[in-house]
Amino acid sequence: MKRLRRVTEAEVISEFLRNEFYSEEFQHDRTRFESLVLEPDLGNEHENAVRRALLFRRRGHMWRELPTDTAWWQVQLEADDLRSIRVFPRAHWRTIGKGSFHINNIVNNIRRGRFHGRTRSFVSKIQALSYRLRLEHDNSSVLLIGVDEARPLTILEGNHRLAAALLASRDVFAGRFRVLCGLSPHMTESCWYETNLANLWRYARNRFRNLRDREADVDTLWPQPEPAHGYLANAATLKEKL
């Protein structure tokens with residue numbers, strides 16, 4: 001893995017949010033925030049705070065489990081990195097991985113395996129995405145986390161896209177996305193990197209503490225505009241007084 005440049009947390013959050021923005025949670029606010037998400041001004045601290053709050057609506061529980069000293073880099077993946085990249089063991093990935101969650105093993109199992117039910121439908125979506133990535137450029141970012149370059153890396157966001165790209169070919173895997181990697185000597189304390197009882201307990205405690213997530217309060221940072229009829233009513237009242 002080759003480090004290309006240092007990346008700010010604001011840029012990582014912006015890229016993470018862009019990938020999440022068409023989820024159901026943002027359905028009612030999409031028009032309101034679309035330009036802020038798709039055309040970010042990373043030099044505007046107020047915008048950065050709003051994007052962070054928006055992301056925390058859906059992924060605050062994930063972001064809080066990353067060490068505060070995480071340093072983010074844009075990196076270039078190389079062929080040898082395939083041996084150290086793994087998906088997080090959850091949902092359908094458990095069935096596909098069969099005990100090993102390294103991305104090479106995941107993709108080999110998809111190529112060879114016969115799946116049933118919901119897992120079969122899930123795999124079909126990965127295969128369809130793989131076909132699209134063979135034909136189209138993708139300018140999205142995927143997020144990895146780890147301790148350092150010498151130890152395993154876990155995909156924080158982008159499992160589907162990286163698996164689909166590798167299913168297409170190693171060249172597609174290496175060249176389709178921007179790869180942002182967060183490194184910290186304390187990453188082993190994150191349940192997203194290392195799943196053990198201590199980390200899962202910390203995650204559950206933090207999740208309970210933030211059931212009412214003040215950091216996701218977008219309206220405090222970006223108030224709703226007044227309805228047009230309210231403005232017109234106020235104008236009519238002012239005219240009467242005059």
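## Overall picture

Residues 24 or more positions apart account for 70% of the contacts in the protein chain with a separation of 6 or more, where a contact means heavy atoms within 4.5 Å. This is a predicted model, in which local features need pLDDT of at least 70, side-chain atom pairs count only at pLDDT 80 or more, and totals for chains, interfaces and linings use all residues. Residues are numbered from 1 along each chain as its sequence is written, and side-chain values use heavy atoms, with hydrogens and water left out.

The protein chain has eleven helices and six strands; these are DSSP runs numbered from the N terminus, with helices being H or I of at least four residues and strands being E of at least two. Along the principal axes, the C-alpha atoms of the protein chain fill a box of roughly 80 × 40 × 40 Å. Of its 242 residues, 45% count as buried. Here buried means under 20% relative accessible area, exposed means over 50%, and partly exposed is in between, with a 1.4 Å probe and protein chains only.

## Surface and charge

The accessible surface of the protein chain comes to about 13,900 Å², and carbon and sulfur atoms hold 50% of it. These areas come from the Shrake-Rupley method with a 1.4 Å probe, and for residues only the protein chains shown count as cover.

As for charge, the chain carries 39 positive and 31 negative charges, and their mean positions are 8 Å apart. Lys and Arg count as positive and Asp and Glu as negative, while His and the chain ends are not counted. Each charge is placed at NZ of Lys, CZ of Arg, CG of Asp or CD of Glu.

## The sheet

Let's turn to the strands. Six of them form an open sheet with mixed pairing, in the order β1-β2-β6-β4-β5-β3. Its edge strands are β1 (2–7) and β3 (85–86), each of which pairs on one side only. Two strands count as paired if DSSP finds at least two bridges between them. In general, strands of a sheet pair through backbone hydrogen bonds, either parallel or antiparallel.

Strand β6 (residues 178–183) pairs with β4 in the parallel sense over six bridges. On its other pairing, β6 meets strand β2 (residues 71–76) in the antiparallel sense over five bridges, and there Trp-73 has Cys-181 of β6 as its bridge partner. Five of the six residues of β6 are buried, leaving this strand mostly covered.

How many residues of strand β4 (residues 141–146) are buried? Six of the six are, so β4 is largely enclosed by the rest of the structure. In a regular strand the side chains alternate between the two faces of the sheet. In β4, Ser-141, Leu-143 and Ile-145 point one way, and Val-142, Leu-144 and Gly-146 point the other way.

Ser-141 is bridged to Arg-178 in β6, and Leu-143 stands opposite Leu-180 in β6. Towards strand β5 (residues 153–157), β4 runs antiparallel and is joined by four bridges; in that pairing, Ile-145 stands opposite Thr-154. A hairpin joins β4 to β5 through six residues.

## Cysteines

A search of the whole structure finds zero disulfides, a disulfide being a pair of cysteine sulfur atoms within 2.5 Å. For Cys-181, the nearest cysteine sulfur is that of Cys-191, 17 Å away. Cys-181 counts as buried because its relative accessibility is 0%. Cys-191 is also in no disulfide, and with a relative accessible area of 1% Cys-191 is buried.

## Loops and a helix position

Ala-91 has a positive phi near 50 degrees and lies in the loop between β3 and α4 (92–97). Its relative accessibility is 61%, so Ala-91 counts as exposed. Lys-98 has a positive phi near 55 degrees and sits in the loop between α4 and α5 (103–112). With a relative accessible area of 63%, Lys-98 is exposed.

Is Ser-124 buried, exposed or partly exposed? Ser-124 is partly exposed, because its relative accessible area is 37%. This serine is placed in helix α6 (residues 117–135). Ser-124 and Glu-194 are 70 residues apart in sequence and 29 Å apart in space, C-alpha to C-alpha.
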